[in-house]
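Hi there,

Here is the structure I promised to pass on to you. Please have it open beside this message as you read.

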Amino acid sequence: MSGKSVRLLLCITFMLRYQFSNSEFYDPCTHANGIDEDEAEAAVGSWPQNLNLTSVNRSHKCYVICILQYYNIVSTSGEITLGKYYDTGVIDEFAVAPKINLCRYKFRKEKDFCERMFAVFNCLRQDLLINS
């Protein structure tokens with residue numbers, strides 16, 4: 001590869017890295033200084049039964065995921081991290097883990113992080129609403 005090609009490749013890589021590092025796709029969360037507990041409770045506490053996912057705008061979906069990330073329930077890679085809840089007995093791992101896997105499988109083809117994780121979370125919440 002010639003020096004000119006290498007410079008062009010580096011320039012393109014830099015521009016793409018800059019573009020994606022500043023895009024909403026990589027970090028839609030704007031609450032670096034924290035999220036108020038009342039605000040979080042209002043967003044995820046009273047979940048409507050039979051929620052139509054298409055009726056929820058993407059910015060709200062991302063906001064809910066940011067809350068889940070802030071409270072270490074969802075990682076930035078999309079892993080659901082409930083270990084501390086399993087360990088304390090707040091959540092029964094043997095009851096919830098299969099539901100998590102089923103919900104993740106149902107929405108595995110969704111490419112958008114906020115859309116996919118919101119759908120997975122909604123799937124779990126709907127199951128809890130139906131079975132509680």
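Below is what turned up among its disulfides and salt bridges.

One thing to keep in mind from the start: this is a predicted model.

**Disulfides**

The structure has 2 disulfides. As a reminder, a disulfide is a covalent bond between the sulfur atoms of two cysteines.

One of them joins Cys62 and Cys114, with 2.1 Å between the sulfur atoms. Cys62 sits in helix 3 (residues 58–70) and Cys114 in helix 6 (residues 113–131), so this bond ties together parts of the chain that are 52 residues apart in sequence. The torsion about the S-S bond of Cys62 and Cys114 is about 115°, so this disulfide is right-handed. Cys62 is buried, at a relative accessible area of 3%, and Cys114 is buried too, at 2%.

The other pair is Cys103 and Cys123, whose sulfur atoms are also 2.1 Å apart. Here the link runs between distant parts of the chain, from Cys103 in helix 5 (residues 93–106) to Cys123 in helix 6, 20 residues apart. With a torsion of about -70° about its S-S bond, the Cys103 and Cys123 disulfide is left-handed. Both of these cysteines are buried.

**Salt bridges**

Side chains of opposite charge can pair when their charged atoms come close. The count here comes to 4 salt bridges, and I will walk you through some of them.

Arg58 and Asp112 meet with an N to O distance of 2.9 Å. Arg58 belongs to helix 3 and Asp112 to the loop between helix 5 and helix 6, so the contact ties together parts 54 residues apart in sequence. Arg58 is partly exposed, with a relative accessible area of 25%, whereas Asp112 is buried at 18%.

Lys61 pairs with Glu115, and their closest N and O atoms are 2.6 Å apart. Lys61 lies in helix 3 and Glu115 in helix 6, so this pair also ties together parts that are 54 residues apart in sequence. Lys61 is buried at 5% relative accessibility, while Glu115 is partly exposed at 22%.

Glu79 and Arg104 form a salt bridge as well, at 3.8 Å from N to O. This one links distant parts of the chain, 25 residues apart: Glu79 is in the loop between helix 3 and helix 4 (83–88), and Arg104 is in helix 5. Glu79 is partly exposed at 44% relative accessibility, and Arg104 is partly exposed with a relative accessible area of 29%.

Happy to talk any of this through.

Best wishes

How values were computed:
Residues numbered from 1 in each chain as written. Predicted model: local features only at pLDDT ≥ 70, side-chain atom pairs only at ≥ 80, totals over all residues. Heavy atoms only, no water. Disulfide = S-S within 2.5 Å. Helix = DSSP H or I, 4+ residues; strand = E, 2+ residues; numbered from the N terminus. Buried < 20%, exposed > 50% of the residue type's maximum accessible area, 1.4 Å probe, protein only. Salt bridge = Lys/Arg side-chain N within 4 Å of Asp/Glu carboxyl O.
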